[in-house]
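Open the structure in your viewer and keep the selection tool ready. The tour goes stop by stop: select, look, move on.

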Amino acid sequence: MKKKFAWLLALSLVLSMFLAACSGNKETADDDKKPAEDAPEVEQVLNFINGDTIPSMDPGMVTDEYGIQFTAAIMEGLYRLDESGKPVEGMATKHEVSADGKTWTFTLREDAKWSNGEPVTANDFVFSWRRAVDPNQGSEYGPYMMGGVIKNATAVNKGEVPVDQLGVKADGDFKLVVELENATPYFESLTTFPTFFPLNEKFVTEKGDTYATSADTLLSNGPFKFASWTSTANEWELVKNETYWDAKTVKLEKMTYVVVKEAQTGVDLYEKGEVDRAGLSSDLVDTYSTHDDYTVQPDNSVFYIKMNQTKNPALKNVNVRKAISRAFDKQALVDEILNNGSIVSNGLVPKDFFPTADGKDFRKVSGDLVKFDVKEAQKFWETAKTELGTDTVEIEFLGGDNDVSKMMNQYLANQLSTNLPGLKVTLKEVPFEQRLELDTAMDYDMQFAGWGPDFLDPYTFMNLWLTGGGNNQMGYSNPEYDKLINETATTLALDPEARIDNFLKAEKILFEDAAIAPVYQRAGALLVSPKVQGVFTNLFGATYEYKWASVGAEE
């Protein structure tokens, strides 16, 4: 996700540099503790920080972690992820799959209701999925998530066939039949993602352009709903959704959020007891690392520098890109600027995310593909300048505008300018939502970006860089890369060993082409109140899950 991603401060702070999308560790060591049966009742309210406003709450349109986080809190798809990252009952109670893996039939629960009291039906999924790939809707994630998966999704999005030819139909009110283009081993996990959530057609049509712009123009079918929120709000509240089918499981009565972009401000609020979790910037980690509430939370999100090959002519040169990829000290960055448990990334697919067929970690098998090496970087740089016929190159670097982002931007710009003589890097630091817009318009030279997985498979990272892909947005294209990745979703879909082999080959091609410059795999240093219990982070999709959360008595 444009994992293309946001964690409620240090995570959120860093996420403002992130374009999308999202790890199965508990937020604290006490998260799995349940309040004792005879424990005194405590107010079930948690107060949190968010790194910025929420760009969109339309599940068919969200691409960033903020939107994904909150749509997942107030809505629910066919399935929902549990603590172990396994899909469990959501709107669906069961499903059947045909022998060829291409037809999935879901049985929906008959007790699910929208927050206006209307039933959630199979037609709500049909409407939502068609809307997500309708070219007139302009969804980015619809064609990205459904293309090559749901039958005719790409053809519909290109306007080649009508939207009613999408491979999804209702068989009565509570049976949904889905036809896939190819067998898709991770399809069940896809159904937990916001793009696949249902929508009430009557409500969405009635609200028109105002849909999902405020609490009053949203419907919920998930554990929570907004009590207050607008698209420009710096504060908002979520409350328990009493019409949710499993409301008896939901312990929290309310969650409040306030936008905070500075780590120190967040910590000050935490110290005052006004928020229950705060991210720590590097300068605060040393101060709070011995604090009883200090915790480090690993993540599957990876960050990198995107290099747009369509705007600045210098970035069309592969040796320029190779030089940039090797010219900054990543270890110093994670140790000194982040100082939060994040680790150096020398590839794309993160560490401890996906095992190969023989049980080995994909990252370990693929190895380090792009390491910090000034001498090698300068060799590529000198070759590039000769090829370009110039001794000076100017590049604009797009980054976020919060305090952690600014430190990161300045560090990278300084490293590149110092280690590559003749390179001038100009910073352009903007709010998160504006960065998303500039990325979509491909109106940048280089930018600091990140991605968190949308489902449990290397494809969620590797398909980002397919030619013309909705998240490529930097003009990268390699036919051999495309061939290898497309095969993993088609002819090799049911061959785990061959799929992994293709992914390994493709990842090497990506960095031989220096399409992106890997930087780090995220973790977060946080202060978390011991009263926050039952909150866990997902392996993919929305960062946090609150359905099973509760407030425990503080010791």
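Start at Ser189. Show what lies around it and you will find that Ser189 touches Pro87, Phe455, Leu456 and Phe540, leaving aside residues up to four places away in sequence. Keep in mind that this is a predicted model.

Now colour by secondary structure. Ser189 belongs to helix H6, residues 187-190. Is Ser189 buried or exposed? Its relative accessibility is 9%, and buried means under 20%, so Ser189 counts as buried.

**Next stop: the aromatic pairs**

Select every Phe, Tyr and Trp. The count comes to 32 aromatic pairs. Pick out Phe70 and Phe226: this pair is tilted, with 6.4 Å centre to centre and 35° between the planes. Which elements does the pair connect? Phe70 lies in helix H2 (residues 65-74) and Phe226 in strand S8 (residues 224-228), so the pair ties together parts that are 156 residues apart in sequence. Both Phe70 and Phe226 are buried.

Move on to Trp104 and Phe187. Here the arrangement is edge-to-face: the centres are 5.0 Å apart, with 75° between the planes. Trp104 sits in strand S5 (residues 103-108) and Phe187 in helix H6, so to select both ends you cross 83 residues of sequence to link distant parts of the chain. Trp104 and Phe187 are both buried.

**The four-stranded sheet**

Show the strands as a cartoon. Four of them form an open sheet in the order S1-S10-S9-S8, with mixed pairing. Strand S1 (45-50) and S8 are the edge strands, each pairing on one side only. From one strand to the next, the twist averages 25°.

Select S9 (residues 235-240) and S10 (residues 254-259). These strands pair in the antiparallel sense over five bridges. Val239 has Lys254 in S10 as its bridge partner. Then bring H2 back into view. H2 packs on the sheet, touching S1, S8, S9 and S10, and its direction makes about 110° with that of S8.

**Last stop: strand S16**

Select residues 446-451, strand S16. How many of its six residues are buried? Six of the six are, so S16 is largely enclosed by the rest of the structure. Look at each face in turn. Met446, Phe448 and Gly450 are buried on one side, and Gln447, Ala449 and Trp451 are buried on the other.

Then find the strands that pair with S16. Strand S12 (residues 294-307) is joined to S16 by six bridges and runs antiparallel. Here Tyr304 stands opposite Ala449 in S16. Strand S14 (residues 393-399) is joined to S16 by two bridges, and these strands run parallel. To see one of the residue pairs, select Leu398: its bridge partner in S16 is Gln447.

Definitions and conventions. Residues numbered from 1 in each chain as written. Predicted model: local features only at pLDDT ≥ 70, side-chain atom pairs only at ≥ 80, totals over all residues. Heavy atoms only, no water. Buried < 20%, exposed > 50% of the residue type's maximum accessible area, 1.4 Å probe, protein only. Contact = heavy atoms within 4.5 Å. Phe/Tyr/Trp six-rings, centres within 6.5 Å; stacked < 30°, edge-to-face > 60°. Pairing = 2+ DSSP bridges. Axes fitted to C-alpha atoms, helices over the stretch in contact; angles between N-to-C directions.
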